[in-house]
Amino acid sequence: MAVDNKRLALEQMQLGMSRHRVGELGLAQSHYQRAAKLDPSNADAWHLLGVVALQTGHAGLAAKHLRTCIVARPDFAEAHNNLGVALRNTGRNDEAIRSFRDAMSKRANYVDAAFNLGIASEAADNAIEADKAYRQAIAWRGNHVDALINLGNLLRRHSRFADALPFLETAQRLAPDRAQTNGNLALLLTDLSRYRDAIQFAQAAISISPDEALWWKALGVAQRLRHDVEHAIPSLREAIARDKTDAATSLDLVLALQEAGDTDEANAIIDRVTPPPGFRERVRWMRELSLPALYDNDVEIDAARDRFADGLDRLHDGLKLDRTSAINEAVYAATSVAPFYLHYQPHDNTELQCRFGDLVARVMSAAAPEFGDRCGWTARAHGGRTRVGIVSSHLMHHTVSRYFTSLISGLDRERFDVHVWYSGGVVDENTQHIASRAASFTPTRNDALVDAHAIRHAQLDVLVYPEIGMDPRHQALAALRLAPVQCALYGHPATSGSAQIDYFISGDGLEPPNADAHYRERLVRLPGIGAQPMRPPAPGNGSWLDAHANGRQLVLCLQNFIKLMPSYDAALARIAKESNACIGFFARNPPLMRRFRARIESTFKRLGVDPDAHLAVLSVQTHADYLAGIGHIPLVLDSPFFSGGGTSLDAFSVGTPVVAWEGDMARGRQTSAMLRMMDIPQLIARDEDDYVNLCVTLLANPSERKAMADVIRERHSILFDDDAPVRAFADFIAAAAPLS
């Protein structure tokens, strides 16, 4: 009788498996149940009953069947693995981990069990074990796409972006037609600041899975960070349309709208959004410190400044630091929000920046009180050399690196032990040059507090921040005492506002006589413009410029629109009217360009100037072709209040005169400082009338203009060849370092 039952059970198993293969799970289950009843010791019947239960969503029943299976056959590796899946699906993750380990012990090179162990370990917040399990699965099966994705994403979540890259790249290469491989690679490439590549892979993910909100968000964020808000805004709107519950995407849209100049819609979204967990304080800071990128009139500037001041008061009054969760939220806010647009207003906002610095200091002191004390290590304990730290996110092709690469790389290795922490992501020849001159070069995308511990552990003598104010993480680091002496360079030419920054290092030519009042730090004046900037590349092809002159002399204003205040519009209209010139601008930010054009057109019309005839919008060119184009124009119009830096260096390098309108603070005096270094003060205007008259006179006198261009060509090398600032910087760092 027992033999017959076993034979009948096998027949039922065969019938069940035939139904199972075609997806008839109910019939398959009936056959397996008959088999198990006929032969209760048939482990395969209990196993397949468990599999069917899993497939039909009955994880608890599956676990029961699979446990019975394992009693009948303890070494059944697949049953242990599937039991783990069932236990994980019922929330019994610790038991699931044991089952996956049992499965791996029963079968050599059991890839699926290793992969599932990785998933369960992640769910248990055991990143080390998850990492190990995924790597084991990949070692056993190198083309396991899901293991590659999971390991890459695990590393990404722990900010190990460079380590994650080969796994997600391999996954995408193995499965290019899967949205997940393309989309996850896009997210990682954004973390690595490889925005162009991120956009490509996000678009690939969308083409495969157009209804997935995450891929639209990945595209929009990469576009925003690449400053392509023209396309970022619709991409982020698409993401929100597909997932209206994702408040974080709404906040990304806010940032894109702010950059596009649409402050009203940005603020409306902030007012109605329900902050996601951990975002409450950040949203509060975004709301209270919101400033327009572009102003319609001068009255609006003062109103925005007053709102900002009131917002600072509310942030100070409402700041809660009584719980760990509240401190963590505040740190997220302090490392995500900075008043970047404040310093483009034509005001001395030193007091407001210091109040902001005090707000950040309150947060960071609560988060890391151990970094509020003076440093206790022995000075110059590194072979007698001064150990210098550099913390920057702009050591790639950028104005910051153009200005300060020579200062950093010029620190003699026999006198200085230089260590760099670079959070910019993009690595190019500028980055590599600085890295080659440093004792250590650490790319980091870490949480600011993680970096703070690493920097403090390095036991520096002097710490230098080249551009506080451009990266909120550095504003937060600057609120901590990480070295005995801490300095800011003028990569963002405004006070850090931090009581923990001891010195602000600027150029003597940039600073007015009353400059000390503009800084919380002690002001240090290096010779000239306080730097030895890198030369621009050789000019390329400037023929692109020919289509933009409208039959008139074409002069260019090279500045970002956020530097162009409403009061400047009238000066430009007067120049166009009195010289009959066409004034051109580069459309680096098309939405902001449209807002600026609408504003300036109204001024042109009010003063009787045809904007269609006298305004031109130019497309962005490569740096070499851009230089060639500038070399063909008669004049560059510099902006007041916040002057050109890299753009003026570009113009002077090709011999084109730049007319400066000197401001009252360093940020409005960069071009005039360059002109004084070249001994060409006649191109510096005192006020609007002087500025307009100077521009009109030069445009009307080609011989005088040519003579001026010849002088610039003769003398511009002093801007790039004078190493006095490099030597002065090194001497200052050596003198400022504490003595042992």
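Let's start with helix 18, residues 298-318: its 21 residues reach 31 Å from the first C-alpha to the last, close to the 30 Å expected at 1.5 Å a residue. That expected span is 1.5 Å times one less than the number of residues. Helices (H or I, at least four residues) and strands (E, at least two) are DSSP runs, numbered from the N terminus. The model is a predicted one, where local features need pLDDT of at least 70 and side-chain atom pairs count only at pLDDT 80 or more, while totals for chains, interfaces and linings use all residues. Residues are numbered from 1 along each chain as its sequence is written, and side-chain values use heavy atoms, with hydrogens and water left out.

Which residues of helix 18 are buried? They are Ile301, Ala304, Phe308, Ala309, Gly311, Leu312, Leu315 and His316. They cover an arc of only 160° around the axis, so they sit on the same side of helix 18; the arc is that of the directions from the helix axis to the C-beta atoms. An α-helix has 3.6 residues a turn, so residues three or four places apart point the same way. Buried means under 20% relative accessible area, exposed over 50%, and partly exposed in between (1.4 Å probe, protein chains only). The buried residues of helix 18 pack against helix 17 (280-288), helix 20 (350-367) and helix 25 (566-579), with contact meaning heavy atoms within 4.5 Å. On the face turned away from the buried side, you will find the exposed residues Val299 and Asp317.

Now look at strand 6, residues 503-507. Five of its five residues are buried, so strand 6 is largely enclosed by the rest of the structure. Tyr503, Ile505 and Gly507 lie on one side, with Phe504 and Ser506 on the other. In a regular strand the side chains alternate between the two faces of the sheet. Strand 6 runs parallel to strand 5 (residues 485-489), joined by three bridges, and pairs in the parallel sense with strand 7 (residues 522-526) over five bridges. Two strands pair if DSSP finds at least two bridges between them. Tyr503 stands opposite Cys487, and its bridge partner in strand 7 is Arg522.

Last, find Arg481 in the loop between helix 24 (472-477) and strand 5. Is Arg481 buried or exposed? Arg481 counts as buried because its relative accessibility is 1%. Leaving out residues up to four places away in sequence, Arg481 touches several residues, including Phe371, Asp373, Arg456 and Asp502.
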